[in-house]
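The notes follow the order in which I looked.

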Amino acid sequence: MPNRDATFRGADFGRLNPVDPDERDILIMREHPEYRRALEDPSWEGEIGGVNPRLHVALHEMVANQLWDGEPIEAWHAARRLLDLGMDRHDVLHELMNVGVEHLHGALTGSGPVDLDAYRRTLNDLGQEPVNTRVRRSDTAYQIKVGIAGSEPSIWRRLSLPGDTPLDELHHILQVSFGWEGWHLHEFEAKGRRYTDVSGGSTRGVHDERRATLNLVAPRQGDRVRYTYDFGDDWIHDLVVEAIEPAEGEARVLCLDADRAGPPEDCGGIYGYQRLLDAMTGPRHPDRDHYEDVLGESFDPAAVDLEAINSVLAAIRIPGTS
């Protein structure tokens with residue numbers, strides 16, 4: 001259930017009891033403030049952002065009741081598996097809702113019977129990808145745009161990759177795409193959860209990036225992920241999901257488009273890099289010689305070699321792909 005730290009329809013959430021189905025429904029409505037006006041207006045009809053608010057909340061209520069009652073128990077087990085893989089709680093509910101719509105639509109609309117065995121089998125399939133033995137479905141291709149925060153002009157890459165790319169592989173893809181050398185630590189953040197390489201031991205409050213995939217932490221178009229590389233220079237990369245399409249043929253990782261060269265390692269973060277560029281363009285800058293030593297005389301900040309990036313990306317071996 002959502003946090004009970006606010007009010008809705010004059011009710012204090014701290015006093016609402018989720019055991020009561022009616023009060024549980026109020027808790028669910030509170031978790032969708034974007035639909036509040038539509039839900040409070042009995043005459044309101046239509047969609048918001050392509051979503052029918054009343055139907056969406058009704059599906060949330062259906063899933064909440066299933067989990068609360070433990071029926072079918074497969075829904076509860078699926079929810080626990082997805083949470084353990086690092087999926088956001090609200091997105092877990094959406095995954096269960098999608099399965100419910102797929103298998104219960106006939107009963108909900110009166111157009112046909114329900115195959116409960118098939119429904120339970122689909123629930124049992126959710127989250128069944130153990131670490132290091134993953135079987136990649138690669139049934140969706142993600143298009144993402146990744147930009148280095150604070151860069152002006154913007155340094156960015158547009159990538160196409162399988163939706164079920166694990167975050168540890170996404171780290172490698174981003175390193176190649178921006179020309180990083182992998183000398184420093186890194187971390188992903190999505191919906192308040194942090195993910196990193198914990199192979200050296202348990203890290204409190206941070207999840208194992210090997211157990212989370214792109215489509216788990218960013219399941220919808222428009223979702224965002226933050227990738228930070230080098231906690232000294234703090235290179236922050238903002239990732240946004242631009243499109244999700246059915247995959248065609250063999251899963252591939254491609255850099256579709258790009259702008260500007262990636263900064264060099266250990267140059268002082270985005271502000272240090274800007275000072276390097278200022279020195280390069282100022283022939284009388286007192287630190288010009290020093291910065292030429294760092295960047296090299298042939299460095300062109302506006303240049304990016306898309307062919308070279310893709311030649312390296314093509315050699316990346318993603319587990320489960322041929």
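**Largest pocket.** I sorted the lining of the largest pocket by residue class and found 14 nonpolar, nine polar and seven charged residues, keeping in mind that the model is a predicted one. The space in this largest pocket comes to about 770 Å³. The lining is made by 30 residues, and I noted that H94, E95, N98, L126 and P219 are the ones closest to the pocket centre.

**Cavities.** The largest cavity holds about 60 Å³ of space. For its lining I wrote down G150, S151, E152, P153 and I155, then R260 and A261, then I270, Y273, Q274 and L277, and finally P301. By class, the lining of this largest cavity has seven nonpolar, three polar and two charged residues.

**Helices α4 and α6.** I turned to helix α4 (residues 73-84) and helix α6 (residues 116-125), which pack at an angle of about 15 degrees with their axes 8 Å apart. Angles under 35 degrees count as roughly parallel, and α4 and α6 are therefore roughly parallel to each other. The crossing in which α4 passes α6 is left-handed. On the α4 side the contact is made by E74, A75, A78 and R81, and on the α6 side by R120, L123, N124 and D125. I divided the residues of this contact of α4 with α6 by class, which gave three nonpolar, one polar and four charged.

**Helices α7 and α11.** How are helix α7 and helix α11 placed, at what angle and how far apart are their axes? Helix α7 (residues 167-178) packs with helix α11 (residues 306-313) at an angle of about 155 degrees, and their axes are 9 Å apart. Since angles over 145 degrees count as roughly antiparallel, I recorded α7 and α11 as roughly antiparallel to each other. I noted the crossing of α7 and α11 as right-handed. The residues making the contact are I173, V176 and S177 from α7, together with I309, V312 and L313 from α11. In the contact of α7 with α11 I found five nonpolar residues, one polar residue and no charged residue.

Note on methods:
Residues numbered from 1 in each chain as written. Predicted model: local features only at pLDDT ≥ 70, side-chain atom pairs only at ≥ 80, totals over all residues. Heavy atoms only, no water. 1 Å grid on protein atoms, 1.4 Å probe; cavity = no way out; pocket = protein on both sides within 12 Å on 5 of 7 lines; lining within 4 Å. Points joined across faces, edges and corners; volume = space filled by probe spheres on them. Nonpolar A, V, L, I, M, F, W, Y, C, P; charged D, E, K, R; others polar. Axes fitted to C-alpha atoms, helices over the stretch in contact; angles between N-to-C directions. Helix = DSSP H or I, 4+ residues; strand = E, 2+ residues; numbered from the N terminus. Parallel < 35°, antiparallel > 145°, perpendicular 65-115°, else oblique. Left-handed = near helix turned anticlockwise from the far one by under 90°. Contact = heavy atoms within 4.5 Å.
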